[in-house]
Amino acid sequence: HVETFLAYFLPNDIGISALDCTEAFRLLSPREKLYAHYLSRSAWYGGLAVLLQTSPESASIFVLLQRLFRKQPAAQLESMATAAGLSPEEYQAFLVYAAGLYANMGNYKSFGDTKFIPNLPKEKLKALVWQSQAFQDSPSEMEALWDSCSTLLFSLEDQQKQLGLGDKGVTTYFSGNCCLEDAELAQKFLDSKNLSAYNTRLFKNKSEEGKASYEVRLASAVQKGEMDGEGESRCGRYDFEDCVFMVSRGDYAYLMKKVSENLEKAKNHAANENQKRMLEEYAQSFTFGSIEAHKEGSRFWIKDKGPIVESYIGFIESYRDPFGSRGEFEGFVAVVNKAMSERFAKLVSSAEVLLPELPWPKDFEKDRFLLPDFTSLDVLTFAGSGIPAGINIPNYDDIRQSEGFKNVSLGNVLAVAYATQKDKLTFLDEEDKDMYIKWKGPSFEVQVGLHELLGHGSGKLFVQDEKGNFNFEQDNVRNPETGEQITTWYKGNETWDSKFSTISCSYEECRAECVGLYLCLNKHVLSIFGHEDEDAKEVVYINWLNMVRAGLLGLEFFTPESKSWRQAHMQARFVILRVLLEAGEGLVNLKESTGKDGRPDALITLDRSKVHTVGKAAIERFLCKLQVIKSTADVEGGRALYEGYSAVSDTGSHNFLRLRETVLLRKEARKMFVQANTRVKGHVELVEYEGSAAGLIRSFTERFADDAEEVEAHLLELNKRDAPCCGRSLKSV
């Protein structure tokens with residue numbers, strides 16, 4: 001069976017690349033460098049919360065690795081590994097595992113949410129720990145640390161193979177005794193109190209007087225007591241639907257304190273008033289656990305147009321909450337890439353001409369398009385579980401509808417992430433491979449721009465506010481699918497995420513991807529990016545070919561046992577593949593075959609002569625459906641449509657379950673990135689590392705060099721506090 005242990009190891013030859021931002025950083029003024037430095041420190045401290053958001057054992061494994069490598073860098077530890085009986089391959093496997101844990105901020109892949117374990121015997125890793133300098137210096141502490149996490153470090157019980165809620169997987173957004181019904185009840189409670197779930201976790205406690213009892217814990221530096229800023233965080237005890245809810249503060253308290261302290265330091269080097277106010281509000285948010293303050297900070301952030309040093313920080317993306325409403329911590333700091341930004345600026349200024357091209361009636365588009373910032377940035381720091389290629393934020397629907405948003409394309413990530421070697425290109429015709437390598441970069445730049453700006457930036461939500469006012473003409477707006485009046489909409493505090501919960505992330509990514517496919521057919525769009533005539537045709541062809549190939553590759557991220565998808569974007573691309581296969585007329589062909597190595601293979605082809613006709617018509621119909629359902633809060637229709645196309649089975653025109661086995665057999669591991677550090681020595685220095693497992697490890701041991709022991713002690717303390725809630729006991733460390 002393909003899905004043996006191999007799926008849970010990171011390969012020794014995994015791609016690891018340094019993110020280059022030397023030139024971008026060199027061009028900053030001394031003040032901008034200090035601003036970037038303190039924002040980076042904030043992001044790195046906050047990013048450690050992801051360990052606690054991922055799995056019960058992630059924080060302990062992180063501390064174990066930090067202690068090993070702080071005492072002995074990878075090259076020095078190698079002689080201990082040899083003495084402990086590890087082969088060079090086994091030691092490399094350990095370094096790759098450590099690099100993977102740092103890059104994903106936990107022992108589950110940030111893209112796909114499956115567990116990974118070290119590719120060497122447990123006894124050998126234990127022998128290496130016992131040989132290490134860290135163990136010689138503190139044997140009882142290191143032994144206790146090993147005992148606290150070594151079982152979960154290696155275990156692959158079915159429930160532990162992936163993230164999920166209840167018996168579907170592991171999550172630390174909820175205590176181990178929570179199931180989907182608890183998540184739904186908590187969402188109703190949060191909605192009733194007008195509280196956002198973004199910065200919360202849910203813990204189910206022993207029942208009180210026969211009533212189920214829950215704790216909603218807000219991320220904040222402050223742990224107890226009536227404080228300034230108490231108002232909207234609603235701390236206290238509530239009776240709700242025959243249950244008891246306690247809203248409390250202090251999740252990740254030490255880390256939130258470090259985040260806020262460094263934001264205050266960054267404020268002293270801010271370029272303008274908007275940046276200062278933004279940082280004040282963020283610090284307030286992380287101090288008191290207030291999403292309202294974070295929203296206010298985001299408003300100032302939107303107003304800070306075109307800064308040289310761009311950043312965002314907080315509990316942002318909800319992809320990894322199995323329920324889809326709690327945000328994972330992330331923080332990034334990046335510097336403007338001027339040449340690429342100019343192309344995106346042209347796209348922004350064309351937005352008002354391009355939006356009417358989208359296939360839904362005018363009533364379904366925002367009343368006015370709020371021109372966002374769209375910049376290409378080179379990442380200096382991206383703390384969290386992984387680095388995307390593009391971002392469209394904030395995620396607060398009310399701000400996006402009425403005040404705007406920003407789009408960011410991460411240029412130095414794109415440059416590294418999508419460089420592909422021909423021999424690693426799967427499922428394509430030989431002729432297509434050369435074209436793919438030549439045009440993948442340029443076509444992806446176009447797709448990212450359209451996806452982030454006109455994908456996530458388009459479309460209106462029909463809302464009836466708490467006072468009963470509508471933001472659309474109820475009597476006149478018709479559903480273009482049926483010709484009838486609109487009968488459903490969002491009410492009061494309902495949002496896209498809270499209403500569509502488990503499908504919201506992937507559905508929205510699918511809508512944005514479809515907008516990219518649809519609008520890249522527009523000659524004006526292609527000329528903005530410098531593509532004319534024959535070149536423009538190649539960009540379109542490779543963009544569409546890449547999408548259908550990505551849909552096939554997406555099968556890796558489907559779990560047949562639970563019939564669930566583990567990655568929002570890849571599910572979205574599979575849905576698009578299904579839509580384009582269904583369009584027929586030979587537009588897309590997907591055939592199973594046998595490779596030169598005698599093992600199962602597949603070939604996917606696209607008829608370029610039919611992209612503008614059959615392809616465009618299919619995406620047009622599907623995109624209109626997606627938008628109408630989203631605008632009208634039609635959850636039932638949305639689920640039926642999206643879950644229908646997301647289904648993976650062995651019946652029908654293609655055996656997708658068997659194709660999934662082939663995809664797993666031939667998959668290439670996702671690249672990892674090594675990021676630089678900054679340090680203040682009179683002036684701010686940029687410290688860079690080599691693009692290798694050892695370089696990635698060293699970047700992390702030096703990242704917390706000044707207060708490593710304090711940080712590690714607090715991480716273990718926070719982890720111990722969670723232990724009773726997460727369905728297992730952590731021995732005292």
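Predicted model: local features only at pLDDT ≥ 70, side-chain atom pairs only at ≥ 80, totals over all residues.
Let me begin with the cysteines: the structure holds 0 disulfides, a disulfide being a pair of cysteine sulfur atoms within 2.5 Å. C243 is in no disulfide, and the nearest cysteine sulfur to its own, that of C178, is 11 Å away. C243 is also buried, at a relative accessible area of 9%, where buried means under 20% relative accessible area with a 1.4 Å probe and protein chains only. C21 counts as buried too, because its relative accessibility is 3%.

Residues are numbered from 1 along each chain as its sequence is written, and side-chain values use heavy atoms, with hydrogens and water left out.

Now to Q571, which lies in helix α22, residues 568-582 (helices are DSSP runs of H or I, at least four residues, numbered from the N terminus). Q571 is buried, with a relative accessible area of 13%, and its side chain is joined to that of S506 by a polar contact of 3.3 Å; such a contact is a pair of N or O atoms within 3.5 Å, where, within protein, one must be able to donate a hydrogen and the other to accept it, and residues adjacent in sequence count only if both atoms are side-chain atoms. Which residues is Q571 in contact with, leaving aside neighbours within four places in sequence? They are S506, W565, Y642 and S646, contact meaning heavy atoms within 4.5 Å.

Conventions. Buried < 20%, exposed > 50% of the residue type's maximum accessible area, 1.4 Å probe, protein only. Helix = DSSP H or I, 4+ residues; strand = E, 2+ residues; numbered from the N terminus.
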